[in-house]
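Student: I am new to this structure and would like a close look at a single part. Please take me through it slowly.

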Amino acid sequence: MADQAQAPRPPQHDKYPWPEKSRLLGTRVSRIDGPLKVSGRAKYSYDIVRPGMIYGRILRSPHAHARLKSIDASAAEKAPGVKALLITIKPGDKVLFPGEEIGALAATTEQQAADALRMIKVEWDVLPALANVEQAMRPEAPQVFTPANTRKGTAQEDGDLAAGFKNAAFTVEGTYSTQVQTHTSLETHGCVCEWNGDNLTAWVSTQAVHGTREGFAQGLKIPQANVRVITEFMGGGFGSKFGPDMQGLLCARLAKAANAPVKLMLDRKEEHLATGNRPSAFAKVKAGVSADGKLTAFDATTWGTGGAGAGSDYPLPYIYVFPNRRRMHTDVYINSGQQRAMRAPGHPQGCFVTEVLMDELADQVRMDPMEFRLKNLPPLAPNAMWAKYFPMGAERINWKSRHVTGDPTPGPIKRGLGCSANRWGGAGTGARAHCEISSDGSVVMRCGTQDIGTGNRTIMAMVVAETLGLDVPQVTIELGDSNHPFAPGSGGSTTAAAVMPAMRVTAGKARDALFERIAPQLGVAPTEITIGVGTVIAGSKTITWRDACRMLGTVPVSVDGQWERGLSAGGTSGVQFAEVEVDIETGITKVKKIVCVQDCGLIVDLKTAETQCYGGIISGVNYAVFEERILDRNTANMVNPNMEWYHMAGQSDIPDIDVVLVDQPERGVIGIGEPPAVATAAAVANAIRNATGVTLRSIPITPDKLLTELERAGGTN
Amino acid sequence: MRAKNAPVLQGEFAGVQRRLVTDREIRYGPRTSVQRHCEAKQAYSSRMARKKQTPRDESRRDFFKTVGVGSIATAVVAGVRDADAQGPAPVGPGDVPITLTINGRRHQLSVEPRVTLLDAMRTRLEITGQKRVCDRGACGACTVIIEGRTYYSCSMLAIEAQGKNIRTVDGLANGNTLHPVQQAFCDNDGLMCGFCTPGFVMATVALLEKNPNPTPEQARKALDGNLCRCGTNIGVLKAALSAKGVTRG
């Protein structure tokens with residue numbers, strides 16, 4: 001491309017830049033906590049057992065919208081084993097979604113707690129509820145939310161829409177939609193709370209130990225200094241676990257009231273109902289394209305629901321350049337649990353709507369969908385490399401073998417290819433760390449970050465080992481404790497970019513402090529000392545790391561450091577290609593292969609970075625063809641609050657995945673957790689369209705939808 | 001055109017794919033392999049009981065009421081004999097003493113009859129390797145191996161598991177030396193958050209003890225009873241296909 005100017009090398013850190021030639025960074029290192037996790041020795045919050053611990057359970061609203069008439073917990077209070085009981089609702093109060101917390105109790109065993117919960121007599125005035133956006137948007141809908149069931153967003157407008165449509169040779173109009181999905185973290189939300197006088201220790205399944213400490217302190221009105229949050233291992237969060245939540249505060253209060261440690265982990269149903277979800281998205285779009293394949297105009301009215309009183313906005317149009325555009329969004333409230341950030345919030349929705357539209361527009365101008373995309377991309381930039389990545393991915397999926405829309409092969413199995421692009425930020429700041437080097441050569445790095453399954457612990461150890469010339473197992477990483485130096489929550493793919501610079505700087509400072517201390521004994525100036533591999537080099541003398549550390553005597557090196565500029569960046573780009581086989585007799589889609597070309601700045605651990613991509617892609621396949629929260633249209637109760645009817649891909653549903661990670665070492669570290677999860681659903685939807693010749697503007701693309709659409713199109717045979 | 005018998009699901013169950021829905025499944029949810037196994041076992045034991053001319057065809061629920069304390073094998077016989085002699089002797093609802101053999105160690109504990117094997121291990125014995133995730137036989141995080149085959153320990157009662165050799169992920173490693181399957185999971189990055197991992201490891205061990213050299217198709221099939229949310233399945237499959245040195249069980 002013409003505007004592919006050589007990007008200037010971004011400014012690097014002046015004292016501790018990433019090494020030009022690295023020994024460990026970018027190699028494949030196995031997770032350092034792998035052995036603990038595969039042997040069951042890793043203790044998650046769910047596994048914590050404290051002396052005298054009892055079990056808490058939450059009382060929840062069974063109704064979507066109701067006013068409490070009366071509540072009688074006297075029988076439950078006297079039930080066997082019950083040690084504490086809290087009611088957080090009073091007559092006259094309203095609940096706004098099924099599963100809303102109205103009380104809690106703790107008993108000696110889980111079974112006793114469940115029994116006692118059933119003894120609480122609750123009487124409700126059931127009020128009319130809104131179970132879906134259609135119901136909520138009807139003019140005659142009951143007003144459930146104040147001031148209204150909907151909230152208008154601000155209009156976004158750019159260019160001259162009328163002129164844009166005048167210049168269009170073709171237009172496409174359609175309504176696109178995506179479903180609500182729930183996070184379905186395997187470890188449910190919850191914690192173990194233990195009081196020691198006025199001090200609270202909480203083992204919480206959280207993505208933010210420091211944020212959760214703050215949440216406990218605010219919710220319980222105690223000083224943050226009195227709270228310690230520990231999350232050594234946690235079983236997935238995907239954006240839904242950033243604070244103590246209601247269950248954490250109730251657990252702490254139960255523990256106080258019962259004067260005993262309390263474990264309160266939610267069950268699967270509660271997890272689906274009350275701990276967040278990805279909002280649905282709807283978009284009524286009209287878009288125009290000129291005869292030579294340039295996008296001219298985009299006009300969209302969009303809406304979606306994030307549940308009871310929560311927003312549902314998402315970026316639209318996504319990536320491609322529509323010079324003239326207008327977009328108007330409306331948040332629609334329904335009586336269901338509130339949305340929370342979920343793996344690239346907003347992006348999969350915006351990507352699906354835009355990318356399916358792009359394929360339809362390409363067909364209008366009879367262009368290859370990839371060529372059409374290349375023609376309408378923003379200029380190349382380090383964080384906008386789609387024009388380079390599309391041909392790379394096309395090569396690996398064998399894009400040349402693509403037929404035009406509708407597989408002409410006779411027989412029920414239709415094959416198709418599709419593509420799409422994604423972008424994400426992934427910058428991070430603010431992490432602090434503390435490093436100790438002892439006289440026996442051991443290195444401990446402490447940081448109040450957490451490893452939510454991404455491999456954070458492992459890449460931290462790699463950066464420290466690289467900086468000190470050690471092997472990864474020689475470094476001890478301590479994290480997941482709010483008593484460690486502050487680090488931000490793990491969300492928005494920011495952790496790597498926030499924590500790795502802190503590791504580099506802190507380990508670098510510790511190395512310099514070590515040189516300072518041992519220089520007199522070595523008889524050289526500190527500046528003449530360098531790090532080898534497992535060695536310290538002072539002029540012509542080379543001594544082992546252990547011998548160097550031995551010179552420290554009793555007092556270890558102990559330094560603090562933090563994130564500094566010049567070691568990380570933000571902005572990633574990637575493309576994905578999908579190959580599918582659709583059985584048009586059964587409507588079942590089999591995703592055969594996904595190709596992913598993705599950048600994430602400097603790659604720290606190639607192995608875990610690839611696994612992040614696999615994981616994101618699999619979640620995208622789920623979003624495309626499997627998972628959906630289904631609410632009963634009369635009661636707004638979820639009909640699939642479990643894991644057999646809330647469908648997720650099993651091992652046989654997993655496609656072949658081909659990941660190409662593009663290393664950009666000059667940019668520093670950028671997060672990779674969310675980017676690969678964005679584009680998959682759109683690529684799969686486009687591949688299904690290419691295979692069957694019918695356009696599905698709604699995910700998940702389930703057999704019923706596909707067969708209905710095929711029927712409407714008169715079949716394909 | 002689509003085939004006449006193609007499964008089209010509508011209404012509340014639109015969106016459901018992969019299997020045909022029976023009335024029973026709509027009412028009770030799909031049957032898991034464990035439930036199917038239990039039903040088959042129950043059918044077998046009631047057939048056997050009929051052969052021994054017991055006075056009644058005991059349903060699963062009645063069965064628990066009549067089971068005496070002690071191992072399940074002797075309890076079946078004892079229950080039948082008691083039923084002959086003096087009618088059912090109810091067990092529970094309070095705690096009953098039981099003995100579980102887990103990873104070669106005998107544990108004596110007392111639980112209510114309704115406590116699952118998973119909960120008994122996790123909350124009474126602090127054997128927390130297997131995880132509680134769906135608690136209804138859909139996700140496989142609680143997979144244990146009993147006499148050579150996998151079971152969802154959330155769908156088996158602790159009192160049912162007496163007298164059997166129960167294996168969990170906690171007992172696989174030999175000190176600090178990982179079992180070949182555990183090592184393969186580490187080497188192939190078949191784990192992320194690690195919460196599904198113990199279940200996947202046990203399912204893989206059970207597979208390889210039966211079939212040390214599975215085809216990819218066989219491995220996928222054997223692991224279909226386990227779900228992962230992080231998306232580690234690529235590494236898991238590589239691990240299952242590359243683990244070497246698992247002795248036939």
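Which domains does the domain assignment of chain A give?

Tutor: This is a predicted model, in which local features need pLDDT of at least 70, side-chain atom pairs count only at pLDDT 80 or more, and totals for chains, interfaces and linings use all residues. Residues are numbered from 1 along each chain as its sequence is written, while chains are lettered from A and ligands numbered from 1 in the order in which they are written.

The assignment (an automatic or database one) gives chain A domain 1 (45-60 + 66-127 + 184-274), domain 2 (277-426 + 569-712) and domain 3 (428-562). Between the C-alpha centres of domain 2 and domain 3 of chain A there are 41 Å. Where these two domains of chain A touch, 16 residues come from domain 2 and 16 residues from domain 3; two residues are in contact if their C-beta atoms, placed from the backbone, lie within 7 Å. On the side of domain 2 of chain A that touches domain 3, seven residues are nonpolar, seven polar and two charged. Here Ala, Val, Leu, Ile, Met, Phe, Trp, Tyr, Cys and Pro count as nonpolar, Asp, Glu, Lys and Arg as charged, and the others, Gly among them, as polar.

Chain A also meets chain B, with 63 residues from chain A and 65 residues from chain B in the contact. The chain A side divides into 25 nonpolar, 24 polar and 14 charged residues.

Among contacts in chain A between residues at least 6 apart in sequence, 81% join residues at least 24 apart.
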